[in-house]
Amino acid sequence: MKKTVRLLALFAVFVMLVSACGGAGPAQSETFRVAVVMPSAINDLAFSQSMYDALMRVQSEMGGPEKFEIVYSENMFVVDDAAAAIRDYASQGFNLVIAHGSQYGSSLQEIAPDFPKTSFAWGTTVDTFGQPNIFAYEAAADEGGYVNGVLAANMTNGGPAYPFAATGV
């Protein structure tokens with residue numbers, strides 16, 4: 001009996017210590033901040049718009065701008081200007097900086113080592129230059145070719161269908 005009481009007392013002390021060290025409750029989650037640099041406009045009906053629209057959808061699903069902040073630089077045709085924007089976003093503490101174009105690779109290779117706590121993503125490629133904070137992605141644009149082929153075949157009314165294939169080069 002004495003042993004049980006002593007164990008219960010130790011357990012009670014342990015519970016009090018753990019609860020005292022626990023603080024004032026769970027910490028509020030911080031906003032995840034994303035910056036994207038794009039070679040064309042966010043309404044180009046193509047490459048840049050697809051990235052912008054996808055980020056807006058993620059923002060919506062994550063709980064809005066309070067939880068998932070998005071900023072962007074569009075029409076960054078000049079690589080040196082894009083590199084300056086990438087460096088600026090990283091220095092502002094963005095969690096993720098997306099360089100949406102393969103032309104930005106050499107800039108990321110130079111900038112990323114200066115910001116080890118920032119993640120960088122770039123496409124359309126697979127090269128990360130061996131940097132732990134650079135991630136690469138490829139657009140699966142060729143997958144739409146199948147759907148286009150099926151549509152074309154169904155529109156021929158029994159006549160010959162001439163296939164067309166676009167592949168990533």
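## A polar contact at Asn-133

A polar atom of the Asn-133 side chain sits 3.1 Å from the backbone oxygen of Thr-118. This is a polar contact (a pair of N or O atoms within 3.5 Å; within protein, one must be able to donate a hydrogen and the other to accept it, and residues adjacent in sequence count only if both atoms are side-chain atoms). Asn-133 belongs to the loop between E4 and E5. Its relative accessibility is 7%, so Asn-133 counts as buried. Buried means under 20% relative accessible area, exposed over 50%, partly exposed in between (1.4 Å probe, protein chains only).

Beyond neighbours within four places in sequence, Asn-133 contacts Ala-112, Phe-115, Pro-116, Thr-118, Ser-119 and Phe-120. Contact means heavy atoms within 4.5 Å.

## Basis of the model

The model is predicted: local features need pLDDT of at least 70, side-chain atom pairs count only at pLDDT 80 or more, and totals for chains, interfaces and linings use all residues. Residues are numbered from 1 along each chain as its sequence is written, and side-chain values use heavy atoms, with hydrogens and water left out.

## Overall architecture

The protein chain has five helices and five strands. Helices (H or I, at least four residues) and strands (E, at least two) are DSSP runs, numbered from the N terminus. Their order from the N terminus is α-β-α-β-α-β-α-β-β-α.

Of the 169 residues in the protein chain, 28% are buried. Among contacts with a separation of 6 or more, 53% link residues 24 or more positions apart. The accessible surface is about 11,400 Å², with 61% belonging to carbon and sulfur atoms. Accessible areas come from the Shrake-Rupley method with a 1.4 Å probe; for residues, only the protein chains shown count as cover.

## The sheet and its helices

Five strands form an open, parallel sheet in the order E2-E1-E3-E4-E5. Strands E2 (68-73) and E5 (134-137) are the edges, each pairing on one side only. Neighbouring strands are turned by 20° against each other on average, direction ignored. Two strands pair if DSSP finds at least two bridges between them. Parallel strands E3 and E4 are joined by five bridges. Val-97 has Phe-120 in E4 as its bridge partner.

Helix H2 (residues 47-62) packs on the sheet and touches E1, E2, E3 and E5. The direction of H2 makes about 165° with that of E2. H3 also packs on the sheet, touching E1, E2, E3 and E4. Its direction makes about 175° with that of E1. Axes are lines fitted to C-alpha atoms, for helices over the stretch in contact, and angles run from 0 to 180 degrees between N-to-C directions.

## Nonpolar cores

A nonpolar core is a set of buried Ala, Val, Leu, Ile, Met, Phe, Trp, Tyr and Cys residues joined through side-chain atoms within 4.5 Å. The largest holds 20 residues; Val-37, Ile-86, Tyr-89, Tyr-104, Leu-108 and Phe-120 touch the most other members. E1 (32-37), H3 (79-91), E3 (96-100), H4 (105-111) and E4 (119-123) each supply at least two residues of this core. H3 gives the most, with six. A second, separate core has twelve residues, including Met-38, Ile-42, Phe-68 and Ala-121.

## Tyr-104

Tyr-104 lies in the loop between E3 and H4. Its relative accessible area is 0%, so Tyr-104 is buried. Setting aside residues up to four places away in sequence, Tyr-104 touches Val-37, Met-38, Pro-39, Met-76, Ala-82, Ile-86, Ala-99 and Trp-122. Pro-39 is 65 residues from Tyr-104 along the chain, yet their C-alpha atoms are separated by 9.5 Å.
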